[in-house]
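Let's take a walk through this protein together. Please have a look at the sequence and the structure first.

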Amino acid sequence: MKKFLLFLLLFIGSAFGVRAQQSRYLGEVNLGLTYGPFEKRWAAVGIHTVHGARLGNHLYLGGGLGLEAIYGLASCCCDCQMPGYVEDKRFDNGLVVPVYLNVKGFLNSSKPTTGYLTLDVGVVPHLRSSTVQASFYLCPAVGIKSRHFKADLGYKLINKFGAIQLRLGLFLGGGKYRK
């Protein structure tokens, strides 16, 4: 338990410890709530941090890391066709760490309040598995940014199981693009 709390403290601290050395830096910290009412009912609560840079007035590229507690996805991947795979409880009420690339397109970057489109693409390593395995992670979303606050609503896909995701968060750094 002490290791988990230390990891969580370092994880959250990494988001606030990075200073914006350039005006292009833009980081964010998000709290996400996920609910999957589709093929298999599941839910998740997590915290994510994304760090990257503005590449123009409307484009942002960054890398993200999350820590999520997932409930209800037990044996969701039994048809993954992995050798020796029978019924792995790797998602059953456990923690996952999504690692992903984040791309954002801001609609009107000159205003303090603007909309954006975002896409997360990456992998979710399985922490309970004895071999190195990972699932595909995809999360397209639409959001709104008002100064340093943000909210977005999207569709999260882990392997083939989808869910609706709501994220609330803070932008860190200036994130202004200068030529």
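What follows goes from the confidence of the model to its core and then to one residue.

This is a predicted model, where local features need pLDDT of at least 70, side-chain atom pairs count only at pLDDT 80 or more, and totals for chains, interfaces and linings use all residues. Residues are numbered from 1 along each chain as its sequence is written, and side-chain values use heavy atoms, with hydrogens and water left out.

The average pLDDT (the predictor's confidence in each residue, from 0 to 100) is 77, and 68% of the residues score at least 70. Confidence is highest in strand β5, with a mean of 95, and lowest in helix α1 (residues 2-17), with a mean of 54. Helices (H or I, at least four residues) and strands (E, at least two) are DSSP runs, numbered from the N terminus. Over residues 75-88, pLDDT stays under 50.

Now look for the largest nonpolar core, which has 17 residues. Such a core is a set of buried Ala, Val, Leu, Ile, Met, Phe, Trp, Tyr and Cys residues joined through side-chain atoms within 4.5 Å. Among the elements that give two or more residues to this core are β2 (42-54), β5 (99-106) and β6.

Strand β6 (residues 113-125) also holds Thr118. Is Thr118 buried or exposed? Its relative accessible area is 6%, so Thr118 is buried (under 20%; exposed is over 50%, partly exposed in between, with a 1.4 Å probe and protein chains only). The backbone oxygen of Val103 lies 3.4 Å from a polar atom of the Thr118 side chain.

Definitions and conventions: A polar contact is a pair of N or O atoms within 3.5 Å; within protein, one must be able to donate a hydrogen and the other to accept it, and residues adjacent in sequence count only if both atoms are side-chain atoms. Contact means heavy atoms within 4.5 Å.
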